[in-house]
Amino acid sequence: MIKQRSNTSSFFLVAITLLLLISSCSTKKNTWTRRAYHNVTCHYNVYWNGMVSLNEGIVILNEKVVDNYNSVIRINNYGTKSDATILNPKMDRTIKKASIGIQRHSMSFGGKEYVKWVKDSYLMMGMAHFYKQDYTSARRVFDYVAKEYESTPISYEAILWLARTFIQTERFEKAEASLNLLQSKLKEENFPRSVEKEIPIVYADFYIARGNYKAAYPYLERGMELASDNSTITRIYFIMGQINQLDHNYTQAMSYFSKVVKKNPPYKMAFEAQMNIAQCYVEGSGDSRHINKVLLKMAKEDKNKDYLDQIYYALAQIATTDNKDTLVIYYLKKSVSTSVSDPVQKTTSSLELADIYFDDGVYQQAQAYYDTAAMSLPKDYPDYEKIMSKTTILSALVAQIQTIELQDSLQTIALMDTVDLYAMIDNLIEEYEKEQQKIAKEKENGIGTQFVDMTRSKPGQPLGGGWYFDNPAALGRGRTEFVKKWGDRKLEDNWRLTDKRMVMQSFEEDLTDEEVITKSDSVIMLVTNPRDRAYYLQHIPRTPEQLAVSDSLIVDAYNRLAYLYYEDLKDTTLALDTYLEFQKKYPDNKYRLESWYALYKIYTGEGNNDESNFYKGLIVANYPESNYAKVLLDPDYFIKLSQQKNEAATLYEKTFKAFNREQYYRVITYSDEAVGLFPEDTALIPKFLYLRAISLGAVDVADTLYSSLISLVQKYPTSSVAPLAKSVIQTLQLEYGLGIPEGSNVSSPKASAKESIYRFNADEMHLVLIIVKSEDVNVSALKVRISDFDKKYFRLKRLRVKSLMLDDQRTIITVGNFDSKDEAGNYLLALRNDEYVVSGLQNKEFEVYSISASNYPIFYRDKDIALYKEFFEKNYKRD
């Protein structure tokens with residue numbers, strides 16, 4: 001807390017001066033004295049008004065500033081630049097009054113100033129600049145006063161303010177020099193007592209600003225002895241408590257924090273002192289029963305409502321010291337759920353709770369709290385990258401578990417007897433009604449709900465004995481939490497946007513609780529009312545196609561889940577359980593080779609030779625040509641393969657040098673050698689063959705070059721040199737009229753050029769394209785139907801639907817992103833078979849494809865749908 005400047009002694013001095021002047025002027029004979037009397041009285045009034053404004057500004061600053069109790073606080077908190085801006089009117093008025101007094105009322109004769117208030121006005125002006133945080137102007141004024149009025153009491157005060165200014169601007173060497181200068185003049189006769197009392201405090205602040213708390217400590221002790229105002233003493237107690245706490249002197253720290261509480265400080269400081277007392281117990285001393293009692297009492301007081309997160313966190317720390325693990329989790333959950341205005345505390349509590357769950361292998365709960373922490377985690381937080389990586393991995397893991405749970409639940413419900421199914425749905429509707437009534441009552445009474453820890457069950461187990469996907473009780477609680485965060489918003493697309501007119505204008509009037517779409521003579525209902533049975537029935541996969549899509553989603557999720565357990569989390573126990581369950585449920589799945597190899601490695605690591613040999617046998621017998629089989633039969637397979645690649649690269653480098661030197665016969669010899677030595681190197685062999693073909697063209701006829709390139713393109717159509725080969729083929733066709741061998745992939749110059757623009761990569765990120773005629777289809781309405789479809793069947797993927805004009809007649813709608821060709825293919829199959837989505841496209845021209853992220857810009861630039869269709873049917877056709 002900053003002290004206000006006192007004017008009491010000055011007031012008595014001026015009063016005596018005025019009385020003497022009045023007495024001397026009573027004869028009205030001394031003109032100079034009368035003028036002096038006028039100047040003194042006028043200047044004093046101006047100075048007094050300036051000082052009043054300065055003190056008013058200091059009061060405002062003390063009310064505005066906020067201490068950062070996460071580090072050792074400063075003795076005087078001058079606030080931020082933003083805080084200082086609020087003081088501008090008061091401080092500007094002070095500066096103005098000081099300037100008026102100096103300019104109009106100064107009486108300097110023979111180098112001596114006869115109006116005392118002039119030098120005081122200079123000092124007041126410097127202080128006003130200081131509080132405005134205009135430290136350059138403040139330094140100039142203080143420096144002027146120190147030099148102009150050297151060896152007078154006010155010069156020492158100016159030097160002290162110079163030291164404060166240098167501390168605030170982190171010019172610590174100059175600050176220390178100023179303080180040392182004052183220290184050397186302490187014994188001078190006219191040295192002010194007020195400055196002597198402030199020197200230890202400024203010294204302490206100097207060392208605290210530099211983080212040297214050990215050096216600050218003796219000055220704090222001396223400052224406490226000399227200080228007279230309660231606010232400064234209280235802040236010194238708090239700082240000494242913090243320093244002792246950092247030095248692990250917990251008993252002494254608790255003593256000082258207790259003194260702070262007894263001083264009746266501002267509430268925030270008293271609260272922080274009590275929290276630190278609790279922390280000191282946690283670190284090694286104190287009575288847990290007493291502290292628990294104090295903290296629990298604080299938690300019940302209304303005035304602590306905004307600090308409940310810190311109180312519960314302190315209780316959790318005490319429980320940790322007492323080895324009460326259940327209480328630790330309980331209090332940390334309470335800390336997270338009650339945190340409303342302190343993101344730092346919420347992050348800290350969430351991370352500690354997440355770490356506990358993670359260490360216990362309870363990954364779904366861990367993910368929930370890591371995700372909470374990540375929302376407000378600053379980038380300079382310790383281990384930021386590690387925390388964010390863990391959050392990403394766990395989010396992916398939870399998404400796979402939820403996919404399995406959802407699809408298992410839906411398939412189980414699809415097999416239920418109609419009577420039982422309707423009874424279950426009616427129960428869900430009844431629960432939903434009760435929840436809505438409860439929410440309405442709470443809303444009417446102004447009562448909010450607390451944070452709900454929504455944990456998940458193991459794969460295949462619905463939540464709470466009901467339907468996982470549409471549990472109305474969970475839905476109701478979720479809606480309450482949503483309203484607390486976002487407000488009571490209308491259920492619609494783009495709900496985060498404040499202004500949705502441009503997005504929604506073409507179709508927002510058509511959306512109701514039940515959207516009716518006509519398809520020929522039938523009607524499909526997309527029901528959004530949870531009180532209607534149809535709302536629950538519409539999600540169930542009923543057709544063989546829908547069941548196939550559901551199965552493919554489960555298979556992909558199992559594979560990804562097991563991989564995450566094994567590779568990313570290194571949890572072999574859960575990885576083993578997941579792989580075994582996966583193989584049991586889907587023995588012929590497309591990932592069985594990878595799964596078998598993972599099981600082989602897990603069992604080998606456990607020393608279970610019988611099981612590891614079993615899976616080794618499966619791999620070698622069923623996939624003898626796979627890399628997995630080869631490495632199982634020869635552990636050095638990849639080392640040898642790497643050596644071969646290095647040898648092939650060395651030979652290619654030698655071949656390329658020969659080619660640049662036009663040593664064509666040597667190029668042909670080296671290339672033939674490479675084909676014999678490294679036939680399986682599909683990356684370099686095409687390059688060898690290309691150099692060989694060009695060299696043959698140089699030493700033989702054009703027909704030899706042509707036929708060699710045709711053979712290269714046929715055998716390696718997707719190699720990096722295929723476009724170059726096709727370009728040369730086209731040139732040979734145009735210039736020499738060479739024909740095209742029957743059965744080759746190069747049918748014409750145009751086809752040759754077109755084929756080269758797309759590259760196939762099954763593992764690349766993919767999109768799904770829907771191409772429609774712009775004038776025939778309501779694109780906005782189609783995007784809504786696709787979005788509804790995504791929410792029903794692919795909500796965990798968080799897909800994005802976009803549209804873009806392909807040309808003046810056609811529009812592209814894209815859906816993404818998918819991690820691979822297979823994921824996009826599953827989605828495409830489901831989309832084509834969904835009557836609701838395609839109902840608006842009946843009797844309309846439209847086409848649906850999946851496309852890789854790298855091929856999409858090529859397609860958009862080329863705009864040749866027929867060419868891409870040919871590429872798609874060749875590479876993406878499903879068995």
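Trainee: In what sense do strand 5 and strand 7 pair, and over how many bridges?

Mentor: Strand 5 and strand 7 pair in the antiparallel sense, over 7 bridges. Keep in mind that this is a predicted model.

Trainee: Which residue in strand 7 is the bridge partner of L769?

Mentor: That is T814. L769 also stands opposite Y849, which is in strand 8.

Trainee: What holds paired strands together in general?

Mentor: Strands of a sheet pair through backbone hydrogen bonds, and the pairing is either parallel or antiparallel.

Trainee: How many bridges link strand 5 and strand 8?

Mentor: There are 7 bridges between strand 5 (residues 766-773) and strand 8, and the sense is antiparallel.

Trainee: Why is strand 7 called largely enclosed?

Mentor: Because 7 of its 9 residues are buried, strand 7 is largely enclosed by the rest of the structure.

Trainee: How many residues of strand 8 are buried?

Mentor: Strand 8 has 5 of its 7 residues buried, and it is mostly covered.

Trainee: Let's zoom out. How many helices and strands does the protein have?

Mentor: It has 39 helices and 8 strands. Of its 879 residues, 46% count as buried. Take contacts between residues at least 6 apart in sequence: 64% of them join residues at least 24 apart.

Trainee: Helices next. At what angle do helix 25 and helix 26 cross?

Mentor: Helix 25 (residues 572-585) and helix 26 (residues 592-606) cross at roughly 140 degrees, and their axes come within 10 Å. That makes helix 25 oblique to helix 26. The crossing is left-handed.

Trainee: Which residues of helix 25 meet helix 26?

Mentor: T572, A575, L576, Y579, L580, F582 and Q583 do, and among the residues they meet in helix 26 are W596, L599 and I602. By class, this contact of helix 25 with helix 26 has 10 nonpolar, 3 polar and 2 charged residues.

Trainee: How close do the axes of helix 30 and helix 31 come?

Mentor: The axes of helix 30 (residues 664-677) and helix 31 (residues 685-699) come within 9 Å, crossing at roughly 150 degrees. Helix 30 and helix 31 are therefore roughly antiparallel to each other. Their crossing is left-handed.

Trainee: Which residues make that contact?

Mentor: On helix 30 they include Y664, V667, I668 and V675, and on helix 31 they include F688, L689, R692 and L696. By class, the contact of helix 30 with helix 31 has 13 nonpolar, 2 polar and 2 charged residues.

Trainee: Now the loops. Is D571 buried or exposed?

Mentor: D571 is buried, with a relative accessible area of 14%. D571 is found in the loop between helix 24 (544-568) and helix 25. Not counting residues up to four places away in sequence, D571 touches Y363 and Y565.

Trainee: Where is D342 found?

Mentor: D342 is in the loop between helix 16 (325-338) and helix 17 (343-359). Its relative accessible area is 22%, so D342 is partly exposed.

Trainee: What does D342 contact, leaving aside its neighbours within four places in sequence?

Mentor: D342 is in contact with D309 and Q310. D342 and D309 are 33 residues apart in sequence, and 8.1 Å apart in space, C-alpha to C-alpha.

Key:
Residues numbered from 1 in each chain as written. Predicted model: local features only at pLDDT ≥ 70, side-chain atom pairs only at ≥ 80, totals over all residues. Heavy atoms only, no water. Axes fitted to C-alpha atoms, helices over the stretch in contact; angles between N-to-C directions. Helix = DSSP H or I, 4+ residues; strand = E, 2+ residues; numbered from the N terminus. Parallel < 35°, antiparallel > 145°, perpendicular 65-115°, else oblique. Left-handed = near helix turned anticlockwise from the far one by under 90°. Contact = heavy atoms within 4.5 Å. Nonpolar A, V, L, I, M, F, W, Y, C, P; charged D, E, K, R; others polar. Pairing = 2+ DSSP bridges. Buried < 20%, exposed > 50% of the residue type's maximum accessible area, 1.4 Å probe, protein only.
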